[in-house]
Amino acid sequence: MKKIVSILLAVSLIFTVAALTGCGGKKDNTQASDDKTIVVGASSTPHAEILEQVKAALEKEGYNLQIKIYDDYVLPNKALEDGELDANYFQHKPYLDSFNKENGTDLVSAAAIHYEPFGIYGNGIKTLEDIADGATIIIPADDSNETRALLLLQQEGLITLPKDASAAKGVTTLDIVDDGGYNITPVQADTVAAQLSNSDKGTIAVINGNYALGAGLKIKDALATESADGDAAQTYANIIAVKSGNENSEKTQALIKALKTDDVKAYIEKTYNGAVLPIF
C-alpha cells in the first residue's frame, strides 16, 4: 500500500511541476507578445497634459497609454529603474545624467520633445533693476537645475561665475565668483514657486518651466528668461527616458511617433504661449 501511495505522489508531483512550468512559460510568452499597455510617469504640467493628447493616436495603434503623475524629480526615475514604468517624461538629459551618476542607474534618453525656458520671477517687483541690495534669490538645488539657474543669473548680470562655467561642467553656489551682494538660496526644485509666493517683497526666484506653469505663473510676466538663441534649448530639452536597451522597443517607438506630430506641436504652441516650446 505504501508503495502504491508513493507512486501516486510521484506521478502527482510530476504533473504539478509540468503544469507550473507550462503556466510560467505561457505567462512569459503572453507578456512578450500581448502587452499593449504603455505606462509613463510624468509631471502634471505640461508633460501629462501633452501625453493626454496622444492617447487616441496610440489607441488606434492598439496601445493603452497610462499616465502616472509625480510631483517631484526623484520618484519617477526610481519607478522607471524598478520596472514600474515603461518610460518617463519630466526631465532633461543633464538631470538624468546626474541622477544616473548618483544612483548607479542606467536610464537613457530616447527622444527630445520640448524645451521649457527657465524664468526669473519676482515678488512685488517688475524689473531686475528694482532688485534691492542684499535681496534673496531662490534657486532650485539639484545639480543640473542649480547650474542652469546660476547661468541665467549670470546671463542677466546679477552674479559672476568662473570663465569656464558651463552646463556640461556644472556649477554650484560654491563656484560663484561674485554674488552681487545677493542672498542666493538653493531649495528643493518643486518648492521654489511656493517659497517665492510666501517670501518677503523684493525676493526673486529662478523657476523651472513646469513648476512655474503649475503655480499659475506666465512666461510673459518673467523678469528674464533663458536666451532661446543659446544652447539651452538643446541642452535642457525635456526627454522621454527609458531603461537602457529599451530605446528601440515597440512601445518606446510607438510613444515617440505619437508625440512627434504636427498636432502635438500645434497643441504645445497654442496652449503654453512660449512657456513650452516643441523642438521636433
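The model is predicted, so local features are taken only where pLDDT is at least 70 and side-chain atom pairs only at pLDDT 80 or more, while totals for chains, interfaces and linings use all residues. Residues are numbered from 1 along each chain as its sequence is written, and side-chain values use heavy atoms, with hydrogens and water left out.

The chain holds 11 helices and 11 strands, these being DSSP runs numbered from the N terminus (H or I of at least four residues for helices, E of at least two for strands). Of its 280 residues, 43% are buried; here buried stands for under 20% relative accessible area, exposed for over 50%, and partly exposed for what falls in between, with a 1.4 Å probe and protein chains only. Contacts (heavy atoms within 4.5 Å) reach well along the sequence: among those between residues at least 6 apart, 75% join residues at least 24 apart.

Rolling a probe the size of a water molecule over the atoms shows where empty space is left. On a 1 Å grid over the protein atoms alone, a cavity is a set of points where a 1.4 Å probe fits but cannot get out, and its lining residues have an atom within 4 Å of a point. Grid points are joined across faces, edges and corners, and the volume is the space filled by probe spheres set on the points. Searching the whole structure gives 2 cavities of 30 Å³ or more.

The largest cavity has a volume of about 100 Å³. Its lining comprises 13 residues, and Tyr-73, Phe-90, His-92, Asn-208 and Asn-238 are the ones nearest its centre. Two or more lining residues each come from strand S3 (87-92), helix H6 (143-155) and helix H8, with S3 giving the largest share, 3 residues. By class, this lining has 4 nonpolar, 7 polar and 2 charged residues, where Ala, Val, Leu, Ile, Met, Phe, Trp, Tyr, Cys and Pro count as nonpolar, Asp, Glu, Lys and Arg as charged, and the others, Gly among them, as polar.

The second largest cavity, with a volume of about 30 Å³, is lined by Pro-117, Tyr-121, Gly-209, Ala-212, Leu-213, Leu-217, Ile-219 and Ala-275. Here the largest share, 3 residues, is supplied by H8, and the lining divides into 7 nonpolar, 1 polar and no charged residues. Helix H8 also contains Asn-210, which counts as buried because its relative accessibility is 5%. Leaving aside residues up to four places away in sequence, Asn-210 touches Ser-43, Thr-45, Pro-46, His-47, Tyr-73 and Glu-116.

Tyr-73 leads on to the aromatic side chains. Rings of Phe, Tyr and Trp (its six-membered ring) pair if their centres lie within 6.5 Å; planes under 30 degrees apart count as stacked, over 60 as edge-to-face and the rest as tilted. The whole structure has 5 aromatic pairs. In one of them, the ring centres of Tyr-73 and Tyr-95 are 5.6 Å apart and the planes lie at 65°, so the pair is edge-to-face. This pair links distant parts of the chain, with Tyr-73 in the loop between strand S2 (64-70) and helix H4 (75-81) and Tyr-95 in helix H5, 22 residues apart. Tyr-73 is buried at a relative accessible area of 8%, and Tyr-95 is buried at 9%. One aromatic cluster is formed by Tyr-73, Phe-90, Tyr-95 and Tyr-211.

Helix H5 (residues 93-103) also includes Ser-98, which is buried at 14% relative accessibility. The C-alpha atoms of Ser-98 and Asp-142 are separated by 9.0 Å, although these residues are 44 apart along the chain.

Helix H11 (residues 262-272) has Val-264, Ile-268 and Tyr-272 as its buried residues. These lie on the same side of H11 because they cover an arc of only 40° around the axis, taken from the directions from the helix axis to the C-beta atoms. On the other side of H11, Asp-262, Asp-263 and Lys-270 are exposed. The cover over the buried residues of H11 includes helix H2 (44-52), helix H8 (209-214), helix H10 (250-259) and strand S11 (277-278). Just after H11, Asn-273 adopts a positive phi of about 50°.

Terms used:
1 Å grid on protein atoms, 1.4 Å probe; cavity = no way out; pocket = protein on both sides within 12 Å on 5 of 7 lines; lining within 4 Å.
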